[in-house]
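Welcome to this tour. Open the model in your viewer, keep the selection tool at hand, and follow the stops in order.

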Amino acid sequence: MDEKCKVVISKEEIADKVKELGQIITNDYKDKNLLVVSLLKGSFIFTADLVRKINLRVRVEFMTTSSYGSQEYSSGKVRVVNDLHANIEDYDILIVDDIVDSGNTMKFIMEYLRKRNPKSVKSCVLLDKPERREVEIEPDYYGFRIPDLFIAGYGLNYGDYYRNVEDIFVFEDK
Ligand SMILES: O=P(O)(O)OC[C@H]1O[C@H](OP(=O)(O)OP(=O)(O)O)[C@H](O)[C@@H]1O
Ligand SMILES: Nc1nc2[nH]cnc2c(=O)[nH]1
């Protein structure tokens, strides 16, 4: 990272929060049949950390969704680039994503998966940006509420890069 970047949430704060979320989810899902559905690409790092803090027998599957392309605003059109092919009727689904911003992605995917008759569908995101909401949706679990900043790092991209940065940061000149 260079001097034009400012850390918004440090890797230490993220690690503490992920551990806390893992403990809450462990408790809430102890009598359920948990299937984590991770929305790529942005959630790959959060999912990898979160599922290791869930102390249960958990199945993990992935879908790839896209609505931003290289832009800083949602196109409003969510594309399922790679679908989930498993039969999910016996499972309690927890959709895991890095961020809820406009809400378009999470709302669309929750409705999309509900049509396949799972036992339950809930959402878990590390970041919630409520000021930018375009549709009505509240994540069931979230790590941090953040203001209207376009952030990167910890899985979130800027252009096609920066997903590997350990902290969550903003470019100060953007
Ligand atoms: O609430 P929304 O406005 O829909 O924004 C949230 C979505 O935007 C990002 O995905 P993106 O479409 O950029 O694809 P990516 O996962 O490949 O980064 C992010 O990973 C979420 O999935
Ligand atoms: N990288 C990145 N992707 C997003 N998708 C929705 N909001 C954001 C954001 O603030 N940063």
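Before selecting anything, here is a rule for packing: two residues are in contact if their C-beta atoms, placed from the backbone, lie within 7 Å. Helices (H or I, at least four residues) and strands (E, at least two) are DSSP runs, numbered from the N terminus. This is a predicted model, in which local features need pLDDT of at least 70 and side-chain atom pairs count only at pLDDT 80 or more, while totals for chains, interfaces and linings use all residues. Residues are numbered from 1 along each chain as its sequence is written, and chains are lettered from A and ligands numbered from 1 in the order in which they are written.

**Stop 1: the whole chain**

Colour the protein chain by pLDDT, the predictor's confidence in each residue, from 0 to 100. The mean is 95, and 97% of the residues reach 70 or more. The model scores ipTM 0.98 and pTM 0.96.

Now switch to a cartoon view. The chain has 3 helices and 8 strands, arranged along the sequence as β-α-β-α-β-β-β-α-β-β-β. Its C-alpha trace spans about 50 × 35 × 25 Å along the principal axes. The radius of gyration, taken over C-alpha atoms, can be compared with a globule rule of 2.2 Å times the number of residues to the power 0.38. For 174 residues a compact globule would have a value near 16 Å, and the chain agrees, with 16 Å. Among contacts between residues at least 6 apart in sequence, 66% join residues at least 24 apart.

**Stop 2: helix α2**

Select residues I45, F46, T47, L50 and V51, which are buried in α2. Here a residue is buried if 20 or more other C-beta atoms lie within 10 Å of its own, exposed if 12 or fewer, and partly exposed in between, with C-beta atoms placed from the backbone. What do the buried residues of α2 pack against? Show α1, β2, β3, β5 and β6 to see their partners.

**Stop 3: the nonpolar core**

A nonpolar core is a set of buried Ala, Val, Leu, Ile, Met, Phe, Trp, Tyr and Cys residues joined through C-beta atoms within 7 Å. The largest one here has 36 residues, of which L35, V36, I93, L94, I95 and V96 touch the most other members. At least two residues each come from α1 (11-28), β2, α2 (44-51), β5, α3, β6 and β8 (168-171). The strand that gives the most is β5, with 6 residues.

Zoom in on V36. Beyond its neighbours within four places in sequence, V36 is in contact with T47, V51, V58, V60, L94 and V96.

**Stop 4: helix α3 and V100**

Next, pick N104, T105, M106 and I109, the buried residues of α3. Their cover includes β2 (34-40), β3, β5 and β6 (120-128).

Setting aside neighbours within four places in sequence, V100 is in contact with M106, V125, D128, K129, I137 and P139. V100 counts as buried because it has 24 C-beta neighbours inside 10 Å.

**Stop 5: ligand 1**

Select ligand 1 and its surroundings, where a residue is near a molecule if its C-beta atom, placed from the backbone, lies within 6 Å of it. The shell holds 19 residues, and G42, Y68, D101, S102 and T105 are the closest. Two or more residues come from each of β3 (59-66), β5 (92-100) and α3 (104-114), and β5 has the largest share, with 4 residues.

For classes, Ala, Val, Leu, Ile, Met, Phe, Trp, Tyr, Cys and Pro count as nonpolar, Asp, Glu, Lys and Arg as charged, and the others, Gly among them, as polar. This shell divides into 5 nonpolar, 10 polar and 4 charged residues.

**Stop 6: ligand 2**

Which residues surround ligand 2? Select Y68, I99, D101, F150, I151, A152, L156, N157 and Y158. By class they are 7 nonpolar, 1 polar and 1 charged.

**Stop 7: backbone details**

Finish with the backbone. The peptide bond from L40 to K41 is cis, with omega near 5°, and K41 sits in the loop between β2 and α2.

Then visit the loop between β7 (141-145) and β8, where Y154 lies. Y154 is not a glycine, yet has a positive phi of about 50°. Is Y154 buried or exposed? It counts as buried, because 26 C-beta neighbours lie inside 10 Å.
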